[in-house]
Structure formats: structure tokens, C-alpha cells
Amino acid sequence: MADKIFYGVQALQPELKILPGSFTLAGTSDPSVKAGAGFTVARSGTGKWTVTLTDAYPAILSVQVCFELDSDAASNIVLNISNVGTSSFIIHDYDLEDIGGTPPVDLTGSIVHFVVYARNTSLTK
């Protein structure tokens with residue numbers, strides 16, 4: 001456990017909630033949750049995973065995502081946010097095929113890290 005003093009986070013948005021998590025990719029199977037709580041994750045296509053928050057939030061303000069690759073394989077990531085009413089969003093490999101590259105793939109062993117910033121109120125100010 002950390003032995004430092006931590007202070008509350010201040011934000012311009014009311015009721016800001018910060019929800020970090022990570023999951024380990026399992027090829028064509030559903031990924032497994034590595035860290036975090038309050039979400040589930042499922043494979044929803046080739047190189048595509050749907051993260052569903054277990055609580056509903058009036059607004060997802062932002063999501064940050066990064067890969068921790070288990071090899072030197074090149075991979076990019078694109079984040080699609082959809083179904084805000086149900087607090088879910090889709091993370092998928094960037095499709096390089098449109099610019100002469102390779103299509104998305106099902107990675108195994110790599111880890112996806114994310115942080116969701118959500119507003120837990122219908123008030124905006």
C-alpha cells in the first residue's frame with residue numbers, strides 16, 4: 001500500500017468518476033479482466049472488443065486506451081464510443097487495410113488498458 005498522502009481530484013464536471021481497467025486478449029475467445037472493477041468485456045469481432053460498464057452513467061466524457069503488446073508486432077488502436085445510454089463502448093484494432101496495410105487481427109496475450117471518465121449526474125454545470 002502506498003505511504004503517501006493523496007488528495008481529492010477536482011474537476012469542472014460535477015460527479016466526475018474515473019474508472020480504470022485492463023483486460024488480457026485471448027485470440028478468438030473473450031478476453032479476461034486483468035485489473036479494475038465495474039465492467040465486463042467480450043470479443044465482438046476480429047480485433048474488436050466491447051466493454052460494458054456495470055453501472056449506467058448519463059454521460060461518458062472521455063476514454064483513453066493503450067495496448068501493452070506481448071511482442072514487437074506493430075498494432076494501432078482506434079476507440080469507438082457507442083451506446084452511451086448503456087455505458088458501453090467498442091475498442092478495436094485500427095484497420096490498416098484501407099491504406100494498403102493489413103487487416104485487424106485477434107491478438108493473444110496482449111493487454112488493453114483503459115480509463116473512462118464519466119459524469120454520474122444529468123447536471124452539466
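**A sheet and its aromatic rings**

Mentor: Let us start with two strands, β1 and β2, which run antiparallel and are joined by five bridges; two strands count as paired if DSSP finds at least two bridges between them. Within this pairing, Ala26 stands opposite Ser29 in β2. Please keep in mind that this is a predicted model, in which local features need pLDDT of at least 70 and side-chain atom pairs count only at pLDDT 80 or more, while totals for chains, interfaces and linings use all residues. Residues are numbered from 1 along each chain as its sequence is written, and side-chain values use heavy atoms, with hydrogens and water left out.

The protein has eight strands and zero helices, where both are DSSP runs numbered from the N terminus, a helix being H or I with at least four residues and a strand being E with at least two. Four of the strands form an open sheet in the order β2-β1-β8-β5, with antiparallel pairing. Its edge strands are β2 (29-36) and β5, each of which pairs on one side only. On average, neighbouring strands of this sheet are turned by 25 degrees against each other, direction ignored; the axes are lines fitted to C-alpha atoms (for helices, over the stretch in contact), and angles between N-to-C directions run from 0 to 180 degrees.

Now look at the rings. Four aromatic pairs turn up when the whole structure is searched; rings of Phe, Tyr and Trp (its six-membered ring) pair if their centres lie within 6.5 Å, and planes under 30 degrees apart count as stacked, over 60 as edge-to-face and the rest as tilted. One of these pairs is Phe23 with Phe114, whose ring centres are 6.4 Å apart and whose planes meet at 50 degrees, so the pair is tilted. This pair links distant parts of the chain, since Phe23 lies in strand β1 (residues 16-26) and Phe114 in strand β8 (residues 108-119), 91 residues apart. Phe23 has 0% relative accessibility and therefore counts as buried, a word that means under 20% relative accessible area, with exposed over 50% and partly exposed in between (1.4 Å probe, protein chains only). Phe114 is also buried, at 3% relative accessibility.

Phe114 has another partner, Phe89: their ring centres lie 5.8 Å apart and their planes are at 75 degrees, so this pair is edge-to-face. Because Phe89 lies in strand β7 (residues 88-93) and Phe114 in strand β8, the pair ties together parts that are 25 residues apart in sequence. Phe89, with a relative accessible area of 0%, is buried. Together with Phe39, the residues Phe23, Phe89 and Phe114 form one aromatic cluster.

Some of these names return in the largest nonpolar core, where Phe23, Val51, Phe89 and Val116 touch the most other members among its 19 residues; such a core is a set of buried Ala, Val, Leu, Ile, Met, Phe, Trp, Tyr and Cys residues joined through side-chain atoms within 4.5 Å. The elements that give two or more residues to this core are β1, β3 (39-45), β4 (48-53), β5 (59-68), β7 and β8, and β8 gives the most, with four residues.

For contrast, turn to the segment before β1, where Glu15 lies. At 44% relative accessibility, Glu15 counts as partly exposed, and its phi is near 55 degrees, a positive value in a residue other than glycine.
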